Amino acid sequence: RVRLKRKNAQTELELQRKAEPYAALAHLLGIEYPKSFIDLSWKYLLKCHPHDSIAGTGVDQIENDMNYRMDQSRTISAGIQRRALQNVQLQIDTSDVNKDEVVLTIYNPSPFKRSEVISAVLDLPLHEGFKNYSIRDAVTGENVDFQEKARMEHPAIVRHLGDATMEMQSMQVHLHIPLENIPALGYTTLIIKPEQEFICVYESLVTSPNTMENSYIKVQINHNGTLDITDKKSGKTQKCLHYFTDNGEAGHAWRHIPPAFDKVITTLNSAPQIELLEKGPYLNCFSVTHKMQIPAHLEEGKESYIRRLDADGDDASRSDETRELQIRSDITLTSSSSGVHIKTTFNNTCEDHRLRVMFPTNLTQATHSFAEEPFDVVERIIDRDENNPWHNTWNPTHPHQKFVDVSDGQSGLALINDGLREYEVTDDKTRTIALTLVRSFEVALTTVAWRWEMHPEMKGSQSFGEHEFKYFIYPHSGNWDEGGVTRQAEIFSLSPEIAQAGAHKGHLPKALSFVEIETKELMLSALKRAEDSSQLILRVYNPTNRDLKAKIAFYKDISNAQILTLNEEPQNGDDVITNGSKAVFEVKAKKIITLAVEL
């Protein structure tokens, strides 16, 4: 049921970090806050969070119902976000833009400035002579370089509530644009201008066969599809990263149990197809495609299946019948990135198996793994001594949110993902991080040991069909805190929103930051309107082991600020110092703070 957990992670993010914040910003500009719709989206989401539901331990109908609820929540959140940004966009003054030019606004959902390569799809009107074009910064007037991926003639549909749907003959272009310092929780504006000549940079990050590099890292794709990644700052190379391993699954929803006679298949000795998909000065992408022969299902032994499910010994094995599992990974490096983006897709047709992607860190001196959890980063010991509860069994897997990190104090490796929830760090010298992609098992229900109810007719837990996962390999210096892993996780998880518009009058400047958290270690959990007033609510937390001084800047002066409880009730003892548009307050280690602000 891995789809449920990944979908839930995306549903939470879209509601908490996009719909609510953008609606709150629009409300600051005088737009009605859509509280009833936000509440409805939350109700659909929270109905998916009972323990056995979100864990995927129930019958197939529960999964069907949860998918429906999450679809409703995501659809409502998308509508809230779209309408909020439309209202912000209409208040940006672009009246000085020529009629034959196109406005492009990039919205940054993070409370800090971001510099990165933005990918956009634009519809440029053919009749305005947009065969060739340039891009310039609307504030400075300076030209902005870009990389064009593709162009095609495209009939763009224009929906007008006061008239019939229209069609605009367009040239659709796919672009990659490097941008610096996009304002925190705000926006910047670009202008697309028709030109007589097409000016584009044609350099490439590909430096040799199957190799790409930028100013920060070098990525070598080996013959077996693994990656050697060199951190140019430290000079350290981590080798043989990103291979797949598949083993049998004889367990159930609550527990992974390998069959007694297991077969473990890896891609370490494979010869995948390696293809260059895109190259240029700002974004390069290779695809690596493996073809694995996977046992089709579990073969029950002569022992009782009850012993197998209770992990009390069994003689089950993987079948001799196999099916092909084709795994494709698109490996992307941008000019501004300190890590590697990977999108992995496959179609699962096999039962009773666990597929994982492996990253040997070879950080032999690392003693703990560090993983993001709600409002925290927790550490877990890697080696199991006689006092460890897992001492006499196989190495445990653990839950996590956006990232898991292993570091020896000098250097580390973080794996950041978009909704995978299970990891393991091997307790051998390789200190390999394993991320679970799929764990397929037969539905078996129990409330009392030795009383198992089997449902082989239910196939939801086998995770058949198409899968897509996105993750980010991030080598860094120091530990997770010193390496800035939390901010990298934020950047990976929250992509900027892009709006295309024309010229119109407004009262907002062409670039603006609504809210900026200047304390880089402080994380934003929520930005919303208060439940019972028009105040702006910011919920922040300190995942580090040290006290921090929070410094938060707003786009207007602060008239009142106070610390509240999680229930948004007044709280004594915590002072907020305000100075114009800035708020300053203390945040103890591992502390959650709810700040109410009036501007």
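The model is a predicted one, in which local features need pLDDT of at least 70 and side-chain atom pairs count only at pLDDT 80 or more, while totals for chains, interfaces and linings use all residues. Residues are numbered from 1 along each chain as its sequence is written, and side-chain values use heavy atoms, with hydrogens and water left out.

Helices (H or I, at least four residues) and strands (E, at least two) are DSSP runs, numbered from the N terminus. Helix H2 (residues 35-46) packs against helix H4 (residues 60-89) at an angle of about 155 degrees, and their axes are 8 Å apart. This angle makes H2 roughly antiparallel to H4. Axes here are lines fitted to C-alpha atoms, for helices over the stretch in contact, and angles run from 0 to 180 degrees between N-to-C directions; under 35 degrees counts as roughly parallel, over 145 as roughly antiparallel, 65 to 115 as roughly perpendicular and the rest as oblique. The crossing of H2 and H4 is left-handed, a term used if the near helix is turned anticlockwise from the far one by less than a right angle.

Next come the strands. Strands of a sheet pair through backbone hydrogen bonds, either parallel or antiparallel. Two strands are taken as paired if DSSP finds at least two bridges between them. Two bridges link S7 with strand S8 (residues 211-213), and Ser 208 has Thr 211 in S8 as its bridge partner.

Strand S5 (residues 166-182) is joined to strand S2 (residues 114-125) by 11 antiparallel bridges, with Ala 120 partnered by Leu 175 in S5. Strand S4 (residues 147-158) also pairs with S5 in the antiparallel sense, over 11 bridges; here Arg 151 stands opposite Val 173.

How much of the chain is covered can be followed through burial (buried means under 20% relative accessible area, exposed over 50%, partly exposed in between, with a 1.4 Å probe and protein chains only). Strand S40 (residues 592-598) is largely enclosed by the rest of the structure, because five of its seven residues are buried. S40 runs antiparallel to strand S35 (residues 536-541), with six bridges, and to strand S37 (residues 560-564), with five bridges. Helix H6 (residues 485-493) is mostly covered, with seven of its nine residues buried; Val 485 and Phe 492 are among them.

Thr 334, in strand S18 (residues 322-334), counts as buried at 9% relative accessibility. Beyond its neighbours within four places in sequence, Thr 334 is in contact with Val 117, Leu 205, Asn 214, Tyr 282 and Leu 283. Arg 318, in strand S17 (residues 317-318), is buried at 3% relative accessibility.

Notes: Contact = heavy atoms within 4.5 Å.
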